[in-house]
Amino acid sequence: MSTRTELHYAFALAALCALDVAAADAPVAPAHPLDAPAALKAAFAERIGHPVNVLSFGFGEHYAQALVQNAAAPDEFDEYEAVPGRPLEPGRPKKAGEVDCRKKIAFAALDLDAGARALAQARAAAAANGYKTPDNVTLGADVFCNDFGWRAILTSDANDDAMLQIVWAPDGTSPKAQELHDGGWRKVDVAKLLAGSAKVAPAAPKAEPKTVAGDGRKRDFRRGIDADLARLEAEVGAPLGFKHIGIDRTQLSVDVFQSANRKRVSTWLVGDDGAIKLWREDDTIPFDCNKPFAAGDFPLAQLPDLVADAPSRIPPMPQAQVKDVAVYRSGLCGRPHVYIKLEDERGYGNVEYDERGRLVSAQIQ
Amino acid sequence: MAKTAVAKILLALGASLMLAGAVAGAEAPGTDYGWPNLTDFLKQLIAKVGAPVKVYKLAMDRDGKVDLWIQDQAHPDLVDSWEYDHGAIEGPIPVKFDHYPSIAALDHHVIELTTIDFPRLPAMLATARTKLGQPDARVVFIELERGDSSGFISVTDTPIWTIALDSPRHDGRVEFDLQGRVLDVDKD
């Protein structure tokens, strides 16, 4: 080994030793943080080493994480992490612009006993009501920067849509609970929750999507959709009242008003192998154009020719390809027009034909 | 294009490019930005497209790569991108717009290359760091474009240099006019 190589090794060894010394000097997180919250807080205090405010603190037995603000420099934020039994790493700067909510408490007021009690209560409530055991609780504000406190989120294996939130004051008192219901939050009585009388709702049965296997023939819908509309009509079992028809090379998307309830719209997809699938069903949108049109109300038979002809309608886009085609009522619920979107290497173009296949407009977008 | 014509254009660009070229690849302490060799880039570009060069947008990234959008003088309704990566030039690459600007809007938007005072850039970068109070901030990007919303006239209807910087604790950007005057400072 050359002298130079030996020197490199010596420097590398010295650097590693320095790192070890640094780690040896670092405070160590307790092996069981939930049983030793005071020791965990002391480890954070030593690692941080200066007065800070706490914006958030995640607390569980496997991991703790703090986002703190330098009390002497309100624009400086750092994140610290603790893993049980391991030395705490130095803090990582967090960009001020990434801190959306600055609700906080002084580090001295951080009550990890309260956090441990909150987590125990959340786990008891979860076990009593069929939710999954939460891993941790987090001190902080909600997404709207309100309601600063300890927070547990309960979810369920039995119902993907179920979510329950319990929030305590920073000192672990005054628990409040609410569950997600119909897209909003609904209050839940904490006493009932702790007594096991607020069981997670079972998941609503989900109907299997209605599908019809394809016939194996490969399609390019830009070359015609009449045969597939006839297949779809046979599947629906009633004349199709269209709201919107979307066409690209590999997929035909058809929004039709339901014959039994004109305030509901079904979206059917036809794949390029001919497979038909009921993709979704929605309520109509108030004040939208909800007047159906029929296959005879737009130039269905001419459609392949109109599509093929569209690029020639915009001379500055001689190499344009047809990107997609749509048929829907024009303007304020007028007659159904055909809208063809073109694309080339520099941009997009739009060609519109009326209900009789006459050109309405052709222009670069 | 004749060599003499290229030389005239480069002369018209003046000592500016010499300075920009002089700082190319520089790694001065506290200013860790490796300036691209704009002299070389523009010399290569002019040899390919000729004069005048009308700049739709100029962007330099953190690594010193340059993306220059110019109006195609043979087809003034079109914009091409030319990329420069440490000596290698690539282009023309067609620029695709969601909504293509009209020729009038393009004519208004573009900036004559000869009006761009490149040697101000190092000083502008230093000013940006000072204004943001971040002496060690790194360049995220440096861009020049007229502030008229990509071809649609607006209140900020002048060419604007934007120098975006970041540091472990902050992001920020400082805008300058072509004379290097500070227009706006935005620090998170």
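I take a nonpolar core to be a set of buried Ala, Val, Leu, Ile, Met, Phe, Trp, Tyr and Cys residues joined through side-chain atoms within 4.5 Å, where buried means under 20% relative accessible area (1.4 Å probe, protein chains only).

I note that this is a predicted model, in which local features need pLDDT of at least 70, side-chain atom pairs count only at pLDDT 80 or more, and totals for chains, interfaces and linings use all residues. Residues are numbered from 1 along each chain as its sequence is written, chains are lettered from A in the order in which they are written, and side-chain values use heavy atoms, with hydrogens and water left out.

**Cores.** I looked up the largest nonpolar core, which has 43 residues, and found that A:Leu40, A:Phe44, A:Phe57, A:Leu110, A:Trp150 and A:Ile166 touch the most other members. Helix α3 of chain A (residues 112-129) is the top contributor, with eight residues; helices are DSSP runs of H or I, at least four residues long, numbered from the N terminus. Domain 1 (24-109) and domain 2 (112-194) of chain A each supply at least three residues to this core, the bounds coming from an automatic or database domain assignment. I then found another core lying apart from it, with 36 residues, including B:Leu38 and B:Val174.

**Chain A, confidence.** I read a mean pLDDT (the predictor's confidence in each residue, from 0 to 100) of 91 for chain A, with 93% of its residues at 70 or more.

Technical notes. Buried < 20%, exposed > 50% of the residue type's maximum accessible area, 1.4 Å probe, protein only. Helix = DSSP H or I, 4+ residues; strand = E, 2+ residues; numbered from the N terminus.
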